[in-house]
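Here is a friendly briefing to read with the structure open beside you. Please keep the view at hand as you go through the points.

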Amino acid sequence: MPQPQQVGQQGVERDKPIPVSVIVPTRNEAANLPRSLESLRSFGEVYVIDSQSDDATVEIARSYDAKVVQFFYKGGWPKKRQWALDNLPFAYDWVLLIDADEVLTDKLAAEIDRVSADVNVDGYYVKLQMFFLNRPLRFSGASFWKMSLFRRGKGTYECRLKEQDASMADMEVHEHVLVSGRTARLRNPLIHHNVESLSRYIQKHNEYSNWEAKVWLNDEKQTGLSPSLFGMQAQRRRWLKKRFLGVPGSPILYFLYKYIFCLGFMDGIPGFLYCAYQGIQLFNIKAKIYELRVNAGIK
């Protein structure tokens, strides 16, 4: 896969909508959605892919003139975002994927507007600026790049596990979009409000750990990006997690790696909590791998 190149600069205002179709997956996101949709007002088309929310998510989406589509997950593959890529009648050649807890800055929207006219690039990575309990995390190993903007038909999610169910969330967890063609990086970050409610954070990550346990238990059957110390960021992170999973006491070591080596202590109490929950998440994954082995009679 080609290495992304750094591109982009602040764009200019335009009279026409930004020619990009946006996908926003939701499930009970009434608290986050207004902020996200407000940042998308300049885009030509916004789809909210909802999973039968029982709060005001749908009403909020419609108040911003978003197109609401209900997704009914029945297990297996595809999950929510890949299903949307496969089935929605997009009006534009570019697709932007963002979550309900993510917000575009004016500079990022202008940059996306500008690069959408570039015929030489098929996909763009965007850097997440993570906020945890309303504080930006500048350390803590919380810097991520993800493929969020790509040409329609050029990007597809890797499938790391076909045998999935609703206990593992109905949306892609740590699968990544793979783009066939040239990729680059945007300069301006995407604001990611990772958690404002610890109860919701714990609930979501419980589902994520169900998925990760089964993924790592079936590691030899995985497809998509393979763990690699010298690969792209997602591959390096998988390589690191795979090594930690095999080490006794690794949840504590992972916390120390995040908090000390990655300077999480510089992010104050939110940094401590973030690093601690990262270690707890690894503990949950290891415990659930053990549970799956016991249930399957694997020693």
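Lys146 is buried, with a relative accessible area of 18%, where buried means under 20% relative accessible area, exposed over 50% and partly exposed in between (1.4 Å probe, protein chains only). This is a predicted model, in which local features need pLDDT of at least 70 and side-chain atom pairs count only at pLDDT 80 or more, while totals for chains, interfaces and linings use all residues. Residues are numbered from 1 along each chain as its sequence is written, and side-chain values use heavy atoms, with hydrogens and water left out.

**Lys146 and Glu102**

- Lys146 sits in strand E9 (residues 144–151); helices (H or I, at least four residues) and strands (E, at least two) are DSSP runs, numbered from the N terminus.
- Leaving aside residues up to four places away in sequence, Lys146 touches Leu97, Asp99, Glu102, Tyr124, Tyr125, Val126, Leu128 and Leu190, a contact being heavy atoms within 4.5 Å.
- The C-alpha atoms of Lys146 and Ser228 are separated by 17 Å, and the two residues are 82 apart along the chain.
- Glu102 belongs to strand E6 (residues 102–103) and is buried, at a relative accessible area of 1%.
- With residues up to four places away in sequence not counted, the contacts of Glu102 are Ser36, Leu128, Lys146, Leu190, Ile191 and His192.
- The side chain of Glu102 also reaches the backbone nitrogen of Asp99 at 2.9 Å. This is a polar contact, meaning a pair of N or O atoms within 3.5 Å; within protein, one must be able to donate a hydrogen and the other to accept it, and residues adjacent in sequence count only if both atoms are side-chain atoms.

**Salt bridges**

- Side chains of opposite charge can pair when their charged atoms come close.
- A search of the whole structure finds 12 salt bridges, each a side-chain nitrogen of Lys or Arg within 4 Å of a carboxyl oxygen of Asp or Glu.
- One of them joins Arg200 and Glu29 (3.5 Å, N to O). Arg200 lies in helix H5 (residues 198–217) and Glu29 in the loop between strand E2 (18–26) and helix H1 (33–38), so this pair ties together parts that are 171 residues apart in sequence.
- Arg200 is partly exposed, with a relative accessible area of 24%, whereas Glu29 is buried at 10%.
- Arg81 and Glu172 meet in another salt bridge (3.2 Å, N to O). That pair links distant parts of the chain, with Arg81 in helix H3 (residues 80–87) and Glu172 in the loop between strand E10 (155–157) and strand E11 (177–179), 91 residues apart.
- Arg81 counts as buried at 9% relative accessibility, and Glu172 is buried at 2%. Salt bridges that share partners join Arg81, Asp99 and Glu172 into one network.
- Glu38 and Arg41 also pair through their side chains (3.0 Å, N to O); Glu38 is partly exposed at 41%, and Arg41 is exposed at 54%.

**Helix H5**

- The end C-alpha atoms of H5 are 28 Å apart, which agrees with the 28 Å that its 20 residues should span at 1.5 Å a residue; the expected span is 1.5 Å times one less than the number of residues.
- The buried residues of H5 include Tyr201, Lys204, His205, Tyr208, Trp211 and Glu212.
- The buried residues of H5 pack against strand E7 (123–132), strand E13 (190–195), helix H6 (233–245) and helix H8 (268–296).

**Aromatic pairs**

- The whole structure holds 15 aromatic pairs. Rings of Phe, Tyr and Trp (its six-membered ring) pair if their centres lie within 6.5 Å; planes under 30 degrees apart count as stacked, over 60 as edge-to-face and the rest as tilted.
- Phe71 and Trp83 form a tilted pair, at 5.3 Å centre to centre with 50° between the planes.
- Phe71 is buried at 4% relative accessible area, and Trp83 is partly exposed at 24%.
- Ring pairs link Phe132, Tyr201, Tyr274 and Tyr277 into a cluster.

**Cysteines**

- The disulfide count comes to zero, with a disulfide taken as a pair of cysteine sulfur atoms within 2.5 Å.
- The sulfur of Cys262 is 7.5 Å from the closest cysteine sulfur, in Cys275, too far for a bond.
- Cys262 is buried at 16% relative accessible area, and Cys275 is buried at 0%.
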